[in-house]
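Dear colleague,

I am passing the structure below on to you, together with an account of what turned up when I went through it.

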Amino acid sequence: MRENKLHHSIDWSIVAIYLALLLFGWINIYAAVYDPEVKQSIFSMDYNSGKQLVWIFASGVLIVFVLAVDFRIYEQYAFIIYGFLIFLLILVLFVGVEIAGSRSWFDLGVIGFSGARLQPAEFAKFGTALALSGYLNSTNKRADEPIVLIISFAILALPAALIILQGDTGSALVYSSLVLVLYREGFPGVILVVGVILVSFFVVTLFFREDSFDTFITTVAILGVVSSLASYLLVNKRKKIKVAVSVFVVTLMLIFMAFSMDYILVNILKPHQRARIEVLVDPYKDPKGSGWNVIQSKVAIGSGGFGGKGFLQGTQTKFDFVPEQSTDFIFCTVGEEYGWIGSMIIISLFTTLLFRVVALAERQKSRFARVYGYSVASIIFFHFTINIGMTIGLFPVIGIPLPYFSYGGSSLWSFTILLFILLKLDGHRSQVLAR
């Protein structure tokens with residue numbers, strides 16, 4: 001396939017969804033910062049909507065560059081790209097500017113771009129996806145091999161640890177989503193299920209910290225014993241003891257986690273992190289502090305009803321009740337002004353995008369492209385699920401953007417590069433030997 005024929009093999013359905021999300025996001029960024037007394041233009045560079053338009057046009061330049069580069073470059077230089085972005089994550093710890101308690105930004109004003117900032121943590125996502133793909137492609141082993149797991153988790157843990165040092169735990173948690181990629185490549189599903197159970201149990205335990213905790217622990221212990229006995233009686237003879245012991249061990253882990261909850265909250269988590277978790281249980285515990293965002297967000301979305309209040313008619317939006325509404329809480333604007341219908345349209349666009357990305361990943365002939373495709377799906381899925389979940393009170397507020405929708409150049413550019421590298425690889429899949 002010649003390079004000038006690439007446009008014939010590009011998945012235009014994904015491009016169409018990408019453009020639709022950009023358009024809807026831009027319009028909602030304008031609505032989120034709209035002042036009825038000023039009635040500013042959507043193109044005004046004094047407001048976020050005008051600045052976002054610049055980021056969108058710059059994304060177009062990035063797309064041209066990503067598609068123009070030889071597709072083999074991404075595999076050949078995967079670790080170099082990863083290493084460079086790791087260097088930026090280290091550098092920002094020393095020369096970055098601190099915003100909202102996180103030293104995660106380079107101030108580009110020092111080189112002539114007044115007011116502009118760059119967040120390397122956003123770009124590290126596609127760099128890590130490339131490195132993980134490059135490593136798994138270089139080995140013929142499955143992801144359940146101990147050495148493969150150790151190296152894979154090291155690739156994920158390094159950027160996550162550096163981002164935590166910056167004070168941005170939310171962005172660091174994104175890397176946990178890449179465990180789904182390892183599962184596709186052979187990582188034992190039972191370990192993944194146990195991990196989900198432990199995390200879910202951690203959240204459930206929060207609701208019993210003050211009331212009926214002893215009853216809760218007793219119930220868990222009884223269920224654990226009963227499950228162990230049931231497992232022993234129901235499974236085949238060869239696996240009886242193994243399965244029963246596994247269930248019993250998991251039960252002990254759950255009980256240990258429950259008793260260690262207070263220690264984790266008080267001695268390990270920072271005060272603002274602890275407050276966000278406690279707000280998940282009861283946002284009215286601190287309604288004018290850490291619970292304010294969630295309360296106002298839920299009010300905004302709930303007030304939209306079925307069809308919404310209409311474009312620029314959202315009262316919660318118009319009077320700035322929801323902080324960070326053009327970034328982390330942009331979905332509130334959709335819920336308030338377009339209601340259930342608008343919310344479902346956006347959710348449907350993201351769901352369709354995810355299914356399409358997985359379909360592209362599955363049809364790749366090379367392991368590199370397949371792993372990268374699943375990395376793209378995992379990262380977008382994590383952002384989409386957590387961002388919308390935290391606006392409706394299902395997840396703690398961890399401060400991550402809605403892909404292609406929230407205001408911000410670093411986020412938009414990184415997600416654009418992430419997606420279009422996949423489209424480039426997919427467009428040349430016929431030139432790759434199956435592996």
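What follows goes from the chain as a whole to the sheet, then to a pocket, and ends with some single residues.

Please bear in mind throughout that this is a predicted model. The secondary structure of the chain consists of 19 helices and three strands. Of the 435 residues in the chain, 49% are buried, and among the contacts with a separation of 6 or more, 70% are between residues 24 or more positions apart.

The three strands form an open sheet in the order 1-2-3, and their pairing is antiparallel. Strand 1 (97–99) and strand 3 (117–118) stand at the edges with a single partner strand each, so that one side of each has no neighbour in the sheet. Strand 2, which covers residues 102–107, is joined to strand 3 by two bridges, and these two strands run antiparallel. Within this part of the sheet, phenylalanine 106 stands opposite leucine 118 of strand 3.

The second largest pocket holds about 430 Å³ of space. It is lined by 17 residues, and those closest to its centre are Leu62, Phe65, Phe123, Phe126 and Ile417. Two or more lining residues come from each of helix 3 (48–68), helix 4 (72–76), helix 5 (78–95), helix 6 (120–138) and helix 19 (409–427), and helix 5 gives the most, with four residues.

Glutamine 166 belongs to helix 7, which spans residues 146–166, and it counts as buried because its relative accessible area is 2%, under the 20% cut-off. Leaving aside residues up to four places away in sequence, glutamine 166 touches Leu89, Val92, Leu93, Gly101, Ser102, Arg103, Ser104 and Ala121. Threonine 391 is found in helix 18, which spans residues 367–391, and with a relative accessibility of 0% this threonine is likewise buried. With the same exclusion of residues up to four places away in sequence, the contacts of threonine 391 are Ser297, Lys298, Ile301, Asp328, Phe329, Phe331 and Cys332.

Leucine 312 has a phi near 70°, which is a positive value in a residue other than glycine; leucine 312 sits in the loop between helix 15 (292–303) and helix 16 (315–318). Is this leucine 312 buried or exposed? Its relative accessibility is 15%, and leucine 312 therefore counts as buried, the cut-off being under 20%. Tyrosine 404 is not a glycine either, yet it has a positive phi of about 65°. The place of tyrosine 404 is in the loop between helix 18 and helix 19, and with a relative accessible area of 2% tyrosine 404 is buried.

With best regards

Technical notes. Residues numbered from 1 in each chain as written. Predicted model: local features only at pLDDT ≥ 70, side-chain atom pairs only at ≥ 80, totals over all residues. Heavy atoms only, no water. 1 Å grid on protein atoms, 1.4 Å probe; cavity = no way out; pocket = protein on both sides within 12 Å on 5 of 7 lines; lining within 4 Å. Points joined across faces, edges and corners; volume = space filled by probe spheres on them. Buried < 20%, exposed > 50% of the residue type's maximum accessible area, 1.4 Å probe, protein only. Contact = heavy atoms within 4.5 Å. Pairing = 2+ DSSP bridges.
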